[in-house]
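Subject: The structure, and notes to go with it

Hello,

Here is the structure I promised to pass on to you. Please open it alongside this message, and my notes will follow below.

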Amino acid sequence: DRKALNAPTQGSGIIIIKLACSMFFKWILENNLFEKVLLCNIVHDEIVVEAPKEISDSVFGKLKHCMEYAASLICKSLPIPAVPEIGDHWIH
């Protein structure tokens, strides 16, 4: 019984990540960044992306927006902030 308590949270979390990735990928396609911005991995509640330094700030901002907007669609009672980080390796 105790292990099943996380199921609603984990289920909501994966829905949020899938929505955020879908919105972010659509943004990549709409802005002709398909071969420049790479969705590398999804780890639990993190989305790992590679992008050139020249556009990293806009990618950073868009990914943050997509994650927070997706969270607002699922969890309407409180905001869930996204805390993106930029580095030259996976920061975890």
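Below is what I found, starting with the overall layout and moving on to single residues.

First, how to read it: this is a predicted model, where local features need pLDDT of at least 70, side-chain atom pairs count only at pLDDT 80 or more, and totals for chains, interfaces and linings use all residues. Residues are numbered from 1 along each chain as its sequence is written, and side-chain values use heavy atoms, with hydrogens and water left out.

**Confidence and layout**

The pLDDT (the predictor's confidence in each residue, from 0 to 100) averages 90 over the protein chain, and 91% of the residues score at least 70. Confidence is highest in helix 2, at 95, and lowest in helix 1 (residues 7-30), at a mean of 90.

The protein chain has 2 helices and 2 strands, in the order α-β-β-α along the sequence. Helices (H or I, at least four residues) and strands (E, at least two) are DSSP runs, numbered from the N terminus. The C-alpha trace spans about 50 × 25 × 20 Å along its principal axes. Of the 92 residues, 22% count as buried; here buried means under 20% relative accessible area, exposed over 50%, and partly exposed in between (1.4 Å probe, protein chains only).

**The hairpin**

Strand 1 (residues 38-43) and strand 2 (residues 46-50) run antiparallel and are joined by 5 bridges; two strands pair if DSSP finds at least two bridges between them. Val 43 faces Glu 46 of strand 2. The hairpin has 2 residues between its strands, and His 44 takes a positive phi near 55° there.

**Aromatic pairs**

The whole structure holds 2 aromatic pairs. The pair of Phe 24 and Trp 27 is stacked, because the ring centres are 5.7 Å apart and the planes are at 20°. Rings of Phe, Tyr and Trp (its six-membered ring) pair if their centres lie within 6.5 Å, with planes under 30 degrees apart counting as stacked, over 60 as edge-to-face and the rest as tilted. Phe 24 and Trp 27 are 3 residues apart in helix 1, so about one helical turn separates them, and both are buried. Phe 25 and Phe 34 form an edge-to-face pair, at 6.1 Å centre to centre with 75° between the planes. Phe 25 is partly exposed at 34% relative accessible area, and Phe 34 is partly exposed at 48%.

**Cysteines**

A search of the whole structure finds 0 disulfides, a disulfide being a pair of cysteine sulfur atoms within 2.5 Å. For Cys 66, the closest cysteine sulfur is in Cys 21, 9.1 Å away and so too far for a bond. Cys 75 is in no disulfide either, as the nearest cysteine sulfur, that of Cys 66, is 18 Å away. Cys 66 is buried, with a relative accessible area of 2%.

**Two more residues to look at**

Ser 56 is in helix 2 and is buried, at 15% relative accessible area. The Ser 56 side chain reaches the backbone oxygen of Lys 53 at 3.0 Å.

Ala 82 lies in the segment after helix 2 (56-74) and counts as buried because its relative accessibility is 10%. Leaving aside neighbours within four places in sequence, Ala 82 is in contact (heavy atoms within 4.5 Å) with Lys 64, Met 67 and Glu 68.

Best wishes

Technical notes: Polar contact = N/O pair within 3.5 Å; in protein donor to acceptor, adjacent residues only side chain to side chain.
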